[in-house]
Amino acid sequence: MFTLAEVASLNDIQPTYRILKPWWDVFMDYLAVVMLMVAIFAGTMQLTKDQVVCLPVLQSTVNSKAQPGTSGKADFTTVETTTGQGEAASTRTVSFGSAPTVTPDVPLSRATSSQYQPTESGQELKKEQKDSLGRKTNLDFQQYVFINQMCYHLALPWYSKYFPYLVLIHTIILIVSSNFWFKYPKTCSKIEHFVSILGKCFESPWTTKALSETACEDSEENKQRLTGAQSLPKYVSTSSDEGSPSASTPMITKSGFKFSADKPMIEVPSVTILDKKDGEQAKALFEKVRKFRAHVEDSDLIYKLYVGQTVIKTVKFIFILCYTANFVNTISFEHICNPKVEHLIGYTQFECTHNMAYMLKKLLISYISLICVYGFICLYTLFWLFRIPLKEYSFEKVREESSFSDIPDVKNDFAFLLHMVDQYDQLYSKRFGVFLSEVSENKLREISLNHEWTFEKLRQHVSRNAQDKQELHLFMLSGVPDAVFDLTDLDVLKLELIPEAKIPAKISQMTNLQELHLCHCPAKVEQTAFSFLRDHLRCLHVKFTDVAEIPAWVYLLKNLRELYLIGNLNSENNKMIGLESLRELRHLKILHVKSNLTKIPPNITDVAPHLTKLVIHNDGTKLVVLNSLKKMTNVAELELQNCELERIPHAIFSLSNLQELDLKSNSIRTIEEIISFQHLKRLTCLKLWHNKIVNIPSSITHIKNLESLYLSNNKLESLPAAVFSLQKLRCLDVSYNSIALIPVEIGMLQNLQHFHITGNKVDVLPKQLFKCVKLRTLSLGQNCITSIPDKVSQLLQLTHLELKGNCLDRLPATLGQCQLLRKSGLVVEDHLFDALPSEVKEVLNQDTSIPFANGI
């Protein structure tokens with residue numbers, strides 16, 4: 001025997017799962033418990049009281065007189081003789097009263113004999129028989145017990161005997177069907193994770209903070225609550241509204257910052273700010289939600305399983321209702337039994353009564369009523385399952401009620417679980433949606449970031465760059481800390497790999513900021529911040545993967561002087577995008593593009609009239625179309641590096657204001673076109689290094705104003721005399737070629753200050769070299785030089801002398817007469833330096849302030 005509590009445990013689901021049980025599932029669970037109680041109650045009654053009581057069907061008196069009992073039948077009007085097993089025959093006279101009641105425990109003959117005792121006189125017996133109204137039988141107690149047991153199985157319908165057990169089995173099947181999706185491994189694991197994450201998201205302090213800030217975002221109470229709000233220095237743009245960002249420009253519209261037209265204000269975090277522990281827990285929750293969504297949204301197994309078990313319950317309800325309706329009338333109080341044991345009992349037919357019939361029929365009617373209610377609920381569940389698309393879930397209401405407009409809609413099992421939760425309480429979905437919002441996650445990151453990166457910590461990361469400017473480099477942070485904008489003396493700000501960078505109006509405090517680096521950092525700016533950058537920013541570096549990463553506000557910085565763009569401009573994704581118009585950059589002087597261009601972007605021509613320097617660094621992609629260069633009449637410096645150029649582009653010859661030309665790392669083999677440079681009257685610097693040039697044409701003499709010539713890393717084998725006719729030449733670099741001889745004509749270059757011939761095959765230095773008395777840098781390393789003439793002492797302005805990698809066995813003592821040369825500027829093997837006279841070494845080791853020219 002088992003208790004009701006043990007049976008009810010079959011329906012026991014973890015309390016945390018209650019949020020996934022809508023009202024119909026809860027109602028069906030209660031109905032199942034009631035059906036269990038019906039089954040247990042009926043089963044208990046059957047086990048303790050269920051039985052039938054049978055009486056033989058007797059023939060009429062007339063028939064009994066006409067046909068005396070011959071085959072075990074007695075004459076009911078005479079004294080009946082009964083024999084027991086192993087007992088002597090005895091004679092008993094039994095009379096029945098009217099409608100006697102016979103119990104199964106006492107034989108009818110005994111019951112009557114105990115009521116009517118026989119008398120010894122025949123007259124009294126006849127009188128008593130005459131007065132009695134009942135009919136006598138010849139069955140004793142054991143025969144009644146036997147026939148009752150036999151007729152219980154023969155006459156009683158099977159449904160009357162097994163009804164409680166059927167109810168129990170059906171109820172257990174319904175309970176299992178209702179809770180199978182909580183137990184099936186493929187769905188149970190997902191449900192456990194979902195319930196766990198949902199509970200943590202509901203109780204997270206970050207959820208409360210995010211929703212409370214949303215509720216107060218635009219209210220007057222929120223403005224008054226901003227205790228400690230700081231007033232930024234009043235900034236009034238000196239420019240007109242022209243160049244302001246359009247509606248499509250990515251500006252920060254709602255980011256927690258509020259600014260008035262004249263006096264911008266910044267929102268200070270409220271007192272409910274999270275501590276570090278709560279912040280870490282919230283960040284972990286965001287990561288869990290992201291992973292759970294990716295894991296669950298790719299299938300709809302939970303939805304299918306729930307639909308399947310609901311269909312099974314509906315089919316089960318129809319089946320139970322159909323067969324139960326057929327057997328409801330079989331439960332009756334009276335039954336006719338034909339046991340076919342006449343040779344043992346003496347009677348062929350019995351009339352039986354089922355003492356549990358009344359109770360079972362009432363219980364069956366109750367059970368049918370419960371099943372009908374259960375079935376209607378199943379039908380309603382199916383209607384709910386197919387009436388709306390449960391594989392899609394929209395947070396539209398949450399988006400309307402909050403500032404989290406980016407909460408994405410979900411689908412498949414994730415959507416179905418949220419639909420189920422809504423049946424419990426829609427507040428769960430609202431609080432859970434906070435952890436699907438990137439805006440919310442970014443706010444959390446911002447708070448955590450400000451906790452970690454304080455003003456003091458940022459100050460420690462400020463350094464001095466090569467230009468002696470204060471520089472701060474922030475790398476791979478979740479955002480830009482607020483304390484950055486308190487560094488008012490900062491000159492250069494570098495933001496690298498910060499995908500959610502936001503520049504608030506507080507940047508207007510940084511009055512010294514003139515250079516900004518955005519490396520894979522599509523920063524968004526607030527309107528007031530943009531106005532400040534538009535008027536103050538002078539240099540901007542943008543490194544990107546796709547052109548779309550370049551913030552649109554970059555093209556509106558009309559006071560920008562230098563723009564550096566580094567990224568892929570020729571990919572399939574960018575062919576339809578292209579650079580936006582640069583015509584608003586009216587003061588742009590320097591444009592540096594490092595990409596893989598096949599032609600110069602037409603938008604560059606928008607700034608051509610006022611551009612003075614254009615630098616294009618390709619990654620080896622051949623730059624084919626260069627006609628647009630002709631429009632850049634004011635360009636003074638032009639660099640076309642690594643563009644796979646095979647000849648000097650003809651478009652360059654039209655740049656009448658060109659002063660410096662750099663064609664580094666191309667595939668130029670011949671420079672015969674150099675004769676056309678005679679039209680470039682202002683050209684002073686020509687860099688043809690890292691090419692494949694074999695010889696220098698004599699037409700180079702036509703470049704009268706040339707001051708710097710770089711031909712290093714080519715394939716030159718000799719230097720023509722024409723080179724030395726360039727009287728204004730101050731720097732000549734022919735390093736890393738195959739030159740074996742320095743022509744004596746080099747002495748004609750009286751203005752030469754820097755001469756580099758490192759990495760060649762020179763073995764002798766001509767004396768005429770030392771007539772170039774203005775030489776400051778002389779690089780002779782990695783050659784075959786065997787000796788240095790004493791005339792090196794004539795180079796009084798020499799500050800750098802490279803001799804390492806030659807075949808020298810000594811250094812001339814006259815090096816000491818080079819007044820500006822010091823040991824730091826002498827590049828030579830240690831043993832050669834040690835072999836110098838001590839007084840020479842003493843002179844070279846002097847630590848004096850030496851004016852040093854960096855070259856031209």
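Residues are numbered from 1 along each chain as its sequence is written. Because the model is predicted, local features need pLDDT of at least 70 and side-chain atom pairs count only at pLDDT 80 or more, while totals for chains, interfaces and linings use all residues; side-chain values use heavy atoms, with hydrogens and water left out.

Start with the whole chain. The protein chain holds 22 helices and 29 strands. Helices (H or I, at least four residues) and strands (E, at least two) are DSSP runs, numbered from the N terminus. Of the 856 residues in the protein chain, 49% are buried. Buried means under 20% relative accessible area, exposed means over 50%, and partly exposed lies in between (1.4 Å probe, protein chains only). Among the contacts in the chain with a separation of 6 or more, 58% join residues 24 or more positions apart. Contact here means heavy atoms within 4.5 Å.

Now turn to helix packing. Two packed helices are described by the angle between their axes and the distance between the axes. Helix H16 spans residues 412-424, and helix H8 spans residues 185-203. H8 and H16 pack at an angle of about 55°, and their axes are 12 Å apart. That makes H8 oblique to H16. Axes are lines fitted to C-alpha atoms, for helices over the stretch in contact, and angles run from 0 to 180 degrees between N-to-C directions. Angles under 35 degrees count as roughly parallel, over 145 as roughly antiparallel, 65 to 115 as roughly perpendicular, and the rest as oblique. The crossing of H8 and H16 is right-handed; in such a crossing the near helix is turned clockwise from the far one by less than a right angle.

Look at the residues involved. From H8 come Lys 190, Ile 191, Phe 194 and Leu 198. They meet Asp 413, Phe 414, Leu 417, Leu 418 and Val 421 in H16. This contact divides into 7 nonpolar, no polar and 2 charged residues. Ala, Val, Leu, Ile, Met, Phe, Trp, Tyr, Cys and Pro count as nonpolar, Asp, Glu, Lys and Arg as charged, and the others, Gly among them, as polar.

H16 also packs with helix H12, residues 301-327. The angle between H12 and H16 is about 55°, with the axes 7 Å apart. H12 and H16 are therefore oblique to each other. Leu 301, Ile 302, Tyr 303 and Tyr 306 in H12 meet Asp 413, Phe 416, Leu 417 and Met 420 in H16. Here the contact holds 7 nonpolar residues, no polar and 1 charged.

Helix H11 (residues 276-296) contains Ala 294. Ala 294 is exposed, at 57% relative accessible area.

Next come the cores. In soluble globular proteins, nonpolar side chains tend to be buried together. A nonpolar core is a set of buried Ala, Val, Leu, Ile, Met, Phe, Trp, Tyr and Cys residues joined through side-chain atoms within 4.5 Å. The largest nonpolar core has 134 residues, and Phe 677 and Phe 755 touch the most other members. Helix H20 (residues 527-536) supplies the largest share of this core, 4 residues. Beyond its neighbours within four places in sequence, Phe 755 contacts residues including Leu 732, Val 734, Ile 742 and Leu 769. A second, separate core of 84 residues includes Ala 39, Phe 414, Val 421 and Tyr 428.

Finally, visit some strands and loops. Leu 495 sits in strand S13. Leu 495 is buried, with a relative accessible area of 1%. Leaving out residues up to four places away in sequence, Leu 495 touches Leu 474, Val 480, His 517, Leu 518, Cys 519 and Cys 521.

Leu 497 lies in the loop between strand S13 (492-496) and strand S14 (502-503). Leu 497 is partly exposed, at 33% relative accessibility. Most residues other than glycine have a negative phi. Phi of Leu 497, however, is positive, near 55°. Ser 665 also has a positive phi near 55°. Ser 665 lies in the loop between strand S22 (660-662) and strand S23 (685-687).

Leu 711 is in the loop between strand S24 (708-710) and strand S25 (731-733). Leu 711 is buried, with a relative accessible area of 1%.
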